[in-house]
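Thanks for making time this morning; I would like to take you through one structure, and I will ask you to keep it in view while I talk.

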Amino acid sequence: MDRRLHPRFEMALRLGGDDLSGLAGATRADERDGLLTLARIHDLHLGPVDEVGPAVRWQHHPVVAGLKAHLEAELLASLPAPGPEGPDAVAAIRRLGREGLVPAVYDWVADDASEDELVAFLAVEGGPDANFDDLVAICQVGLRGEPKMELARNYWDEMGRGDPARVHTELHRALVAALALPTLPRAQQPSSALRRTALGNVLATNRALQPELVGALGLLELQAGPRCRRVVTAMRRLGLGADAEEFYAEHADADPRHGKDWVAHVIAPLATEPDWASRMVTGARWRSVVNAAFFDDMAATFIPRRRASA
């Protein structure tokens, strides 16, 4: 009998009622099983409306809420406890942003990857987080003043500054079409990729973790630009054309500015509250940890493969 939680949860979502109630107290078989279950739960909160379907009515079912809380607590417990970062949240997050700024796999992408290898890598890497615009929208809820205005400017850039063709998700669709980029099912994604996505979704679906969300998204903005530049370098080396490179070129250009402004106009003013200051740094550190594990996996997967075939 299959004791994994995620296929049982998927079936219960389709049937609802007593079948969901029958999962009360259920536990995951292993970490990967938990991450796959959590991803499906987060779909009910953050997934595209045309994909979630009627299962959305179970979003706040007591058993779903209980599973969500339990699995999220396990994920957060696996992350490092807050460290002694010092009193200056801005300096601490900038320091985290410099750590591992361009992982080794991006140098391989820029200098050595073939077109097929690049496509395989991007299918897992996913670009700057695919649902970043939604996370920014959630992040600003309840804020005011300078932080809220900066997040509004950031979101407006995500929306192409009013040009539908420049909306970042539309640029990503053009990339997918230009490279015939496959959509990698969750079951085929490494656990480190599932964990990276899960962290952002945990922070976005728990209002109590809003400071950690601010820090985690700030770190993403600080680090995305140089990484995207390496992808653009690869695309130009391979001659893949403007439609392929525009998504990453946009992020290579905009994200350094976004990162600087996020620190100056969101983190700095919110850091006047000591609890927020320490927790924003914690969120950034959590993001740094899950990123490092993911990029270590990517390097172990792709770089030896190229060397073995050389």
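I will go through the nonpolar cores, then a pair of helices, and finally one lysine.

Please keep in mind throughout that what we are looking at is a predicted model. As general background, nonpolar side chains in soluble globular proteins tend to be buried together. Here the largest nonpolar core comprises 59 residues, and those with the most contacts inside it are Phe9, Val214, Trp262 and Ile267. If we take Trp262 and set aside residues up to four places away in sequence, the residues it touches include Phe132, Val136, Cys139, Leu151, Val214, Leu217 and Ile267, and also Asn154, Gly218 and Glu221. Apart from that core lies another one, of 31 residues, with Trp108, Ala234, Phe247 and Tyr248 among them.

Turning to the helices, H1, residues 5-15, packs with H3, residues 31-46, at an angle of about 25°, and their axes are 8 Å apart. Angles under 35 degrees count as roughly parallel, and H1 and H3 are therefore roughly parallel to each other. On the H1 side the contact is made by Leu5, His6, Pro7, Phe9, Glu10 and Leu13, and on the H3 side by Asp33, Leu36, Thr37, Arg40, Ile41 and Leu44. Sorted by class, that contact has seven nonpolar, two polar and three charged residues.

Leaving aside neighbours within four places in sequence, Lys68 is in contact with Leu38, Ile41, His42, His45, Thr205 and Asn206.

How values were computed. Residues are numbered from 1 along each chain as its sequence is written. This is a predicted model: local features need pLDDT of at least 70, side-chain atom pairs count only at pLDDT 80 or more; totals for chains, interfaces and linings use all residues. Side-chain values use heavy atoms; hydrogens and water are left out. A nonpolar core is a set of buried Ala, Val, Leu, Ile, Met, Phe, Trp, Tyr and Cys residues joined through side-chain atoms within 4.5 Å. Buried means under 20% relative accessible area, exposed over 50%, partly exposed in between (1.4 Å probe, protein chains only). Contact means heavy atoms within 4.5 Å. Axes are lines fitted to C-alpha atoms, for helices over the stretch in contact, and angles run from 0 to 180 degrees between N-to-C directions. Helices (H or I, at least four residues) and strands (E, at least two) are DSSP runs, numbered from the N terminus. Angles under 35 degrees count as roughly parallel, over 145 as roughly antiparallel, 65 to 115 as roughly perpendicular and the rest as oblique. Ala, Val, Leu, Ile, Met, Phe, Trp, Tyr, Cys and Pro count as nonpolar, Asp, Glu, Lys and Arg as charged, and the others, Gly among them, as polar.
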